[in-house]
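Let's take a walk through this structure together, one stop at a time. Have the sequence and the 3D view ready.

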Amino acid sequence: MLDKSLYKWLEDLAENENFKNCISLSERLRQERYDLELILKYFALSSPTFGQTSLNKKEVNEYLTDYLIKLCNSITFDRVLEQEKFAKMFLLLDQATNEDTFTKYDETRFKGKFLDSAYEAITTGLRENIDDYSAQDIELLKTKIQEMWSESDFISNIGTGSRARTRMHKMIEFGKKYFKK
């Protein structure tokens with residue numbers, strides 16, 4: 001491990017109760033540390049250095065590995081600020097939609113399992129706009145997450161056959177615009 005303090009910091013984020021409630025992972029996925037992968041994905045996709053060409057010749061796992069190495073060597077990444085934003089975002093999401101946050105909404109109820117596409121759109125979009133949201137926006141946030149499932153820009157880029165490398169760019173772009181207040 002290049003930076004044990006970074007690993008410990010990521011593990012601490014993974015223990016955030018609001019985060020754990022929202023991602024609602026199976027025990028198997030927790031044992032495989034998919035929670036840490038989701039946190040790393042959140043930071044990597046939210047990074048100002050992530051752009052249209054970031055995944056051109058790389059698979060997602062390669063990109064995340066490269067990003068982790070950059071994070072280990074970064075002197076500008078503000079862990080305190082990023083932990084505050086992470087905690088605020090997942091507190092709001094937990095209050096708004098809890099374990100349903102990243103599951104499909106079918107016009108009457110949430111159902112199904114965790115979906116990467118929902119995670120990518122919601123976390124990168126809300127992260128971009130987190131300073132505009134507060135505890136008074138819980139109902140707004142819940143409504144936005146529900147209504148997201150009827151947005152053509154969102155649903156046209158999810159599901160089987162949607163390559164992760166292509167989907168991620170579209171989810172990020174969608175999320176940043178959609179969660180703007």
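This is a predicted model: local features need pLDDT of at least 70, side-chain atom pairs count only at pLDDT 80 or more; totals for chains, interfaces and linings use all residues.

Now turn to the helices. Two packed helices are described by the angle between their axes and the distance between the axes. Take helix H1, residues 4–14, and helix H4, residues 34–46: they pack at an angle of about 105°, and their axes are 9 Å apart. That makes H1 roughly perpendicular to H4, because angles of 65 to 115 degrees count that way. Which residues do the touching? From H1 come Tyr-7, Trp-9, Leu-10, Glu-11, Leu-13 and Ala-14, and they meet Asp-35, Leu-36, Ile-39 and Phe-43 of H4. Sort the residues of this contact by type and you get 8 nonpolar, 2 charged and no polar.

Search the whole structure and you'll find 19 aromatic pairs. One of them joins Phe-19 and Phe-90, in an edge-to-face arrangement with 5.0 Å from centre to centre and 90° between the planes. This pair links distant parts of the chain: Phe-19 is in helix H2 (residues 17–23), while Phe-90 is in helix H6 (residues 79–96), 71 residues apart. Are these two buried or exposed? Both Phe-19 and Phe-90 are buried. They also belong to one aromatic cluster, whose members include Trp-9, Tyr-34, Tyr-42, Phe-43, Phe-77 and Tyr-119.

Last stop: the backbone. Most residues other than glycine have a negative phi, and most peptide bonds are trans. Arg-33 isn't a glycine, yet its phi is positive, at about 65°. You'll find Arg-33 in the loop between helix H3 (27–31) and H4, and its 27% relative accessibility makes it partly exposed. Glu-107 has a positive phi too, near 80°. Glu-107 is in the loop between strand S1 (104–105) and strand S2 (110–111). At 71% relative accessibility, Glu-107 counts as exposed, because the cut-off for that is over 50%.

Note on methods. Residues are numbered from 1 along each chain as its sequence is written. Side-chain values use heavy atoms; hydrogens and water are left out. Axes are lines fitted to C-alpha atoms, for helices over the stretch in contact, and angles run from 0 to 180 degrees between N-to-C directions. Helices (H or I, at least four residues) and strands (E, at least two) are DSSP runs, numbered from the N terminus. Angles under 35 degrees count as roughly parallel, over 145 as roughly antiparallel, 65 to 115 as roughly perpendicular and the rest as oblique. Contact means heavy atoms within 4.5 Å. Ala, Val, Leu, Ile, Met, Phe, Trp, Tyr, Cys and Pro count as nonpolar, Asp, Glu, Lys and Arg as charged, and the others, Gly among them, as polar. Rings of Phe, Tyr and Trp (its six-membered ring) pair if their centres lie within 6.5 Å; planes under 30 degrees apart count as stacked, over 60 as edge-to-face and the rest as tilted. Buried means under 20% relative accessible area, exposed over 50%, partly exposed in between (1.4 Å probe, protein chains only).
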